[in-house]
Amino acid sequence: MAVDTVDGVRRAHFASVVLGATAAALTLAMPAAAVAAPRGQVPGHTTGPVVVVGVGGLRWTDVSATLTPVLWRLAGQGSVGSLVVSGIEQRTCPADGWLTLNGAARVAVPPLAQAGTCPSVPAVVPAAPQAASRPGPASVPQMARLEPYNAQFDTNPQWGLLGSAPGAGRCVTAVGRGGALALANRNGQVARYLPTAAGLSRAVLGHCPLTVVDLGSLPTGSAGPRSLRAAALRADDRELGVIRAGLPADATLVVTAPGDLVSPHLRVAVLDGPRYRAGLLGTASTRQPGVVQLTDLTPTVLGWFGTHVPSAVVGSPLRSLPRGPLPATVRMLVAQDTGAQVYRDTVAPFYQLVGFGYPALFALIWVLPWGRGEEPRKRRRAVVRAVGVWAASVPAGTFLASLVPWWTLPHPAAVLYVSAAAWAVVVAVVALTGPWRRDPMGPPGVVGAVTLGVIGLDMMTGSRLALETPFGLSLLEAGRFYGLGNNGVAIYGASGILCAAWLGGVALRQGSRARALAAMAAVAAFAVIAAGWPGFGAKVGGTIAIVPALLILMAVAAGIRLTRPRLLVIAGSGVALVVAFALINYFLPAVTGQSDLGGFVGQALHGGAHGIVARKASSNLHSLTANPFIPVIPLVLVVAGLLIAWPARFRATALVRAYAEVRLLRVTLAAIWLVGVLGWFVEDSGVTVPAAGLPLVLPVALVILASVPAGGGEPQPLHDPAILDVR
């Protein structure tokens with residue numbers, strides 16, 4: 001396709017700018033791996049007693065200087081954070097949370113037959129009658145059934161781990177059913193047990209190095225009116241005051257919320273101890289300031305006592321980071337939960353709207369009466385291009401919307417999605433008005449470059465923009481707190497491929513294969529390092545899916561025939577790179593930062609990796625039955641693959657013309673398709689991974705087809721290097 005000289009020079013200049021910016025971003029961002037994870041003081045061994053107090057359902061909206069003065073004072077002098085309690089089920093009940101503390105892994109108590117109701121914390125049976133203020137031995141009979149029940153989840157809990165935290169020969173005290181469940185050994189035995197906190201005294205609190213207290217769960221909207229909840233909060237706060245008054249100055253007091261009685265929320269976490277003064281909690285497992293997980297608490301307690309933490313434990317020690325005044329900090333923590341609720345309430349409707357709305361929108365444009373002749377057809381193609389470029393820009397817009405903290409504003413959901421649509425307009429205007437506008441791959445390439453850059457740089461700097469956005473990360477539901485979420489794998493991979501194909505195509509048309517390969521290699525390096533490097537995205541499945549697709553694109557651009565041995569090497573390239581990243585992370589954690597990659601290597605070396613693999617495989621298979629629309633996705637993938645490979649056989653004449661007009665288009669579409677298929681098989685979200693790429697891939701494909709005028713030649717074979725000869 002002819003391109004005028006001025007536009008060609010401008011595109012070449014833009015390509016050089018993109019290459020320079022990419023190289024600069026990589027150079028500057030490599031040290032940023034140290035910034036992505038929260039940095040703060042990691043406390044060493046403690047000398048005083050440790051007391052863990054749990055209040056089921058406690059949220060930051062419950063905490064105030066008037067309603068809970070003791071807890072407010074503890075929060076003011078200690079370190080605070082939002083606690084993620086997500087476990088096996090969508091809702092982690094208090095019994096599940098106490099059991100999670102026991103084994104430092106996501107586990108569950110068998111649910112009740114009545115759906116939607118939390119099971120009670122298992123009963124505790126004292127060995128003999130005891131005084132209300134004198135702890136005695138007891139047992140949790142149901143413990144014998146909990147271990148075989150949880151074997152199906154492959155989470156590898158270390159039963160009795162919290163109870164062993166003080167070390168051999170040192171005692172622990174359990175108060176309340178939850179405390180007993182948290183401290184019981186794998187046989188259900190508890191050496192020292194009090195049924196209620198009413199019997200707590202200074203002598204009891206000081207007798208053992210570790211005490212775990214269950215103050216019960218707060219009433220909810222379904223359990224009673226607001227006044228009941230307020231009364232329960234006041235009562236728990238008084239109990240907390242008694243506990244704090246009975247502790248020495250060197251004690252460490254943990255206040256937490258081990259579960260949810262109704263809907264999932266971010267919960268309260270407060271640590272008041274010698275090395276947790278006036279701080280904000282952080283942990284390497286989330287890399288998000290102020291966000292910690294329930295599974296972090298047990299290894300943290302073990303670390304305080306200097307007890308070995310088994311390699312199978314998934315949590316990380318809690319750090320104390322600097323923070324501002326307490327009222328502002330609490331508002332920030334409340335806003336974090338607001339953002340999490342926006343994701344829970346809107347992500348499914350958003351994907352339904354896009355999944356049905358995009359095809360309906362473009363079908364409407366197609367069936368509208370535009371009139372006869374060439375001019376009406378041009379108008380229709382122009383409308384398709386404009387709408388398509390805007391629609392393809394929406395994913396990038398959802399990330400850019402978080403440049404303004406929408407979760408702190410009134411009507412946060414409306415602000416998020418209106419801002420995303422507005423940012424998409426900005427990106428679309430840039431894509432449609434620059435010197436690349438006449439190139440069929442120009443606007444899609446610009447959208448791909450912006451999307452790749454926004455998501456990639458966000459991963460390199462802590463994944464702040466991705467939180468609670470539809471293509472990003474959910475603190476409550478996704479189970480991933482940094483890097484590339486499963487909803488973003490196909491979007492991110494397709495964006496990198498589009499950007500590389502566009503820049504490479506510009507250079508090829510100008511007669512320089514070397515510059516084309518250099519541009520494509522720079523894009524590929526940025527995309528892969530941002531997603532896969534342990535200090536940045538640490539994404540296993542996404543890296544495995546993206547690397548082979550980019551290599552195939554570059555191989556065709558280089559004129560290399562894709563023989564079977566070469567395809568086998570390319571197919572294993574993503575796995576090889578992930579293994580290399582994981583080994584580097586395991587042996588050099590101080591350089592790369594702690595991540596799941598190195599943790600998996602440690603578990604594999606100690607025989608604990610089977611559970612992770614089995615759990616992910618099971619989740620992948622279950623994705624096929626997630627909802628009634630799921631079976632359509634494999635069918636769409638098969639049809640798309642056939643159309644990409646043999647458009648002429650299926651009379652896809654528009655695609656035939658596009659292949660003849662646009663260099664690298666066939667291999668570009670094939671590479672995007674490959675990312676979707678590989679993402680399906682290597683990610684635990686399974687078949688939903690390629691479906692999440694629809695909001696970018698469908699509009700981009702229509703934009704390219706609408707950019708090619710009628711009347712073109714026949715496409716040439718995908719593996720024929722002659723299509724790339726530059727004469």
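Predicted model: local features only at pLDDT ≥ 70, side-chain atom pairs only at ≥ 80, totals over all residues.
**Disulfides**

I looked for cysteine pairs and the count came to 2 disulfides.

I checked Cys93 with Cys118 and found the sulfur atoms 2.0 Å apart. The angle about the S-S bond is -80°, a left-handed link.

Then I turned to Cys171 and Cys208, whose sulfur atoms are 2.0 Å apart. This link is left-handed, with -115° about the S-S bond. Cys171 sits in the loop between helix H5 (143-150) and strand E5 (172-175), and Cys208 in the loop between helix H7 (202-207) and strand E7 (210-217), so the bond ties together parts 37 residues apart in sequence. For accessibility, I noted Cys171 as partly exposed at 24% relative accessible area, while Cys208 is buried at 2%.

I also looked up Cys499, which is buried with a relative accessible area of 3%.

**Helix packing**

Next came helix H12 (residues 412-433) and helix H13 (residues 442-460): their axes come within 8 Å and cross at roughly 140°. That makes H12 oblique to H13. The crossing is right-handed. On the H12 side I listed Val427, Val430, Ala431 and Leu432, and on the H13 side Pro443, Val446, Val447 and Val450. I sorted these contact residues into 8 nonpolar, no polar and no charged.

Technical notes: Residues numbered from 1 in each chain as written. Heavy atoms only, no water. Axes fitted to C-alpha atoms, helices over the stretch in contact; angles between N-to-C directions. Helix = DSSP H or I, 4+ residues; strand = E, 2+ residues; numbered from the N terminus. Parallel < 35°, antiparallel > 145°, perpendicular 65-115°, else oblique. Left-handed = near helix turned anticlockwise from the far one by under 90°. Contact = heavy atoms within 4.5 Å. Nonpolar A, V, L, I, M, F, W, Y, C, P; charged D, E, K, R; others polar. Disulfide = S-S within 2.5 Å. Buried < 20%, exposed > 50% of the residue type's maximum accessible area, 1.4 Å probe, protein only.
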